[in-house]
Amino acid sequence: MDNLAAGPRTIRRWRGLLLREIRENRSLLLYAPCLLVLVAILLGMRLFTLLPLERQKAGLELLFNRFEGLNASDVAPLLTSAGALNLLFIIGIATSYLASSLYADRKEQSYFFWQSMPISDRSTILSKVVTAVVMIPGIYMGVLAAGSLMLIIGVAGYSFSLGVELNGLQELFAAMLVALGFIGLSAFIAMLWLLPAVGWVLLFSAYASRVPLLWAIGVLVALSLLEEIVLGSNTIDTWIASRSSPWQYLVFSFEDMAARLLSYDMLFGAALGAMLITGATLMRRFAD
Amino acid sequence: MENTQQESAKLDAKWRPESAIKARNLCKSYGSFRALDGIDLDIPRGAICGLIGPNGAGKTTALKSLVGLCDSDGELSVIGHDPRVARASLMQDACFIADVGVLPKSLRCIDVLAYVDDVHPKFNRAKALRFLATTDIDLKNRVKTLSKGMVTQLHLALVMALDVELLIFDEPTLGLDIIYRQEFYDRLLTQFYDGSQTIVISTHQVEEIESLLSHLIFISHGKIVFSTEMEALQQRFVEVAVAAENYAAADGLKPIYTRATLGGKDYLFELEEGERGVGDRSRYERLGRVSTPSVADVFVAKLGASHG
Amino acid sequence: MKSENDTGEDMDRIERETSQSIKLQRVLRRTLLRNKHSLFFATIALVLCVVAVEGKLTDRQGRGAQFENPFFDLEIAPDIRSSLR
C-alpha cells in the first residue's frame, strides 16, 4: 500500500494537512474573501452611480485617458497603495482563523481524531502557520484578481455604453496586474512581519478554554498597562509602535522585497514568532 | 526436523511473550486528582483486552496515555514506541477511537476519507469504501448531519482500512442502539481481526464484549484492581446457586460476593492457587449448582471489595 | 588499542549526554512542562524578557506609525484631484 517514497509521501502529507484547513474553514478561507470583494465592488459601483451622469462620464474619461501612454510600473504604486486596504481584510481573516485553529478542535473534541493520525504536533501547527502566512493571502489575492478583472470589464463596458473612449484601457489593465502582484507580495510579507502576532494568537488558541482572541488581546493590553504602572516603562508599547508602520512591509518593487525580508526587524520578529509557536506546539500535549 | 524447529519457535514465542503494551508505574494527575495511580500493564501481542471499570475509574486517561493523547509519568512502551515522545510514529501502527466518537463535524465524509488517505501511509481507501458501501452513509454529507451510529460506522470504516498492529477503543459503542453495537463488534471480529493485531477496548457494558476477550483488566480509582486471562478467570472463580439450607456452609467457604436470587442466593468464590483445577470443585458442588460466573459478576465482586 | 579507547570515550560521552538530556527533560517536565499554565507563563515571560533585553541593546524607539511614504511620489494624484473638481 505504501508504495510512495519519503519525498512524495511528505508532499502528500502536506497536501492533506493544507486541504484539511481549507475544508474545515471553507467559510472563512473561501467564502469570506468572495463576499468581501463582492461587497466592495458593489458598494463602489453603487456610490459611483449615485453621481450625476456628467460627473460619471468625466471621471471615466479621466480614468481611461489618464493612463494612456503611461508605463504600467510607474502607475502601479498608486493602485498598490489603494489596494493595500485589502491587507486589513487579509489580516482580519488570518486572525480569526488563527484564533480558532487550535481551539475549535479541542472544543468539539475532534482533537482526538486529528491526534490519532500519524502527524506530529509540529507539523500540525506548522500547517496552521503556512495557512495563515501563505494560503490566506494567496486565496484572497486570487479572489481579488478575479473581482478586479470583472470590475474592469464591467467599467469598460459601462464607459463604452456612455460613449467614453477607452484609450488607456491596455495600460490600466497592465498597471492593475502589476499592482495585484505587489499587493499579494505585500500581504505575504505583512504576514511574515506579523509572525510574532501569529505566534501570540496561536499560543492563546492552544491555551484558552474559551474566547481565545479576547484573551490574546486582553492579556497584551493588561501586560502593557501593568508594565507602565509597576515598572514605569513602556517596553511593550515601544516595541509594537516601532514596527507598526505600513511602510515596513508594503512592497512596490522586487528590490523592496529583498530588503523587507532580510531586515533586522523582520528576522528578530520571526525569532520571537518561533518562540511563541514553539510554546503553542508544546501546549498541545495539555490539550486533553 | 522442520516440525521441531517450528515447535521450538512456538515455544520461544510462548516463553518470551512479546508485549504490545508494557507500562510500569504509570501515573497521571489532574491537579491534586490522581487519575492514574501507578498502573502496571503487560498486554501481549494478539490479545483482545477489555479494560473494565466504573465511570471515573481512569479508563479514558489510561487509554489516552497509551496513544500519547495525554501526558503521563512512568515507564511506557507501546508496540515499541514511547507515545509521549513519538506519538506520530506510533500512530502509523496504532489507531484510537475516543469515547466521544467525534470526527470533525464540519467536514464532509468524503473529505475525512481523503484526509486520512493523504496523511496515513497505511490506509487502504478501497477497503474503507467497500465497507462504507454496506452502510447508509452518503459520503457527500457532512459529519454533523450523520446520526451517532453512522459516525461510529464511518470511524470504524476508517480504522478497519488501516493496516495497523494496535487498536485502542474507548467506549466505542457508547450511546449506540443495540443493533449498531452488535454490528460494531461483529465487523471488528470478522472483517478486521486476524489474530495478529492487539485490541484494547474499554467499556462498562462488559456482557457485550465478554465473549470476544482474551484478557481482562479491572480498574478503579486509577489503580488496577485485578487482571487476568479469560481462561484463567474461568478456573479462578466459581459461582454457586446455593439453597437456603446450605447458607451456613457456603458462608464458611468465604465467598467474595453473594447475591440474592429467586429461591436462593448466588455465591461467588475465588479459588485458592492450589484449587484451580477442574477436579477440585467438589466442595462447591455439594452446596448447589456450580457455574462459571460472568465477567460482570466478578467485576462487581472485585470492585465491591475494593470499594468496601 | 587506540580505536578501542576512542570507542570507549565515545560511549562515555554518549552516555553522559544521554543522561544529561534525560535529566534536562526531567527538570523541564517538573517545572515548565508541569501543566499548561506553567508552560503558558514561561513562554510569555521568555518572550517579554527577550523583547526587553533587545529594546535596551538596540535602544529601540517607538517611532509611532509613519504615514510618510519614503518610496515614491504620488505625483499623479493631485493632478487627478484638480481635474476632478
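1. R23(A) and D111(B) form a salt bridge between their side chains, 3.4 Å from N to O. The term stands for a side-chain nitrogen of Lys or Arg within 4 Å of a carboxyl oxygen of Asp or Glu. Between chain A and chain B the count is 7 salt bridges.

2. This is a predicted model, in which local features need pLDDT of at least 70 and side-chain atom pairs count only at pLDDT 80 or more, while totals for chains, interfaces and linings use all residues. Residues are numbered from 1 along each chain as its sequence is written, chains are lettered from A and ligands numbered from 1 in the order written, and side-chain values use heavy atoms, with hydrogens and water left out.

3. On to the rest of the A/B interface. Chain A puts 30 residues in contact (heavy atoms within 4.5 Å) with 36 residues of chain B. The two chains bury about 3,100 Å² between them. Carbon and sulfur atoms carry 57% of that area. Buried area is the accessible area (1.4 Å probe) that two parts lose on being put together, summed over both.

4. Chain A has 14 helices and 0 strands. Both are DSSP runs, numbered from the N terminus: helices are H or I with at least four residues, strands E with at least two. The C-alpha trace of chain A spans about 65 × 65 × 35 Å along its principal axes.

5. Which residues lie closest to the centre of the largest pocket? The pocket has a volume of about 1,800 Å³. Of its 48 lining residues, L63(A), L79(A), A82(A), L151(A) and V155(A) are the closest to the centre. A pocket here is an open set of points on a 1 Å grid over the protein atoms alone, where a 1.4 Å probe fits, with protein on both sides within 12 Å along at least five of seven lines; lining residues have an atom within 4 Å of a point. Volume is the space filled by probe spheres set on the points, which are joined across faces, edges and corners.

6. Helix 8 of chain A gives the most to this lining, with 12 residues. Helix 3 (76–84) of chain C also supplies at least two. By class, the lining has 37 nonpolar, 9 polar and 2 charged residues. Nonpolar covers Ala, Val, Leu, Ile, Met, Phe, Trp, Tyr, Cys and Pro; charged covers Asp, Glu, Lys and Arg; the others, Gly among them, are polar.

7. In chain B, domain 1 and domain 2 bury about 830 Å² between them, 82% of it on carbon and sulfur atoms. E210(B), L216(B) and F218(B) lose the most area on the domain 1 side, together 55% of what that side buries.
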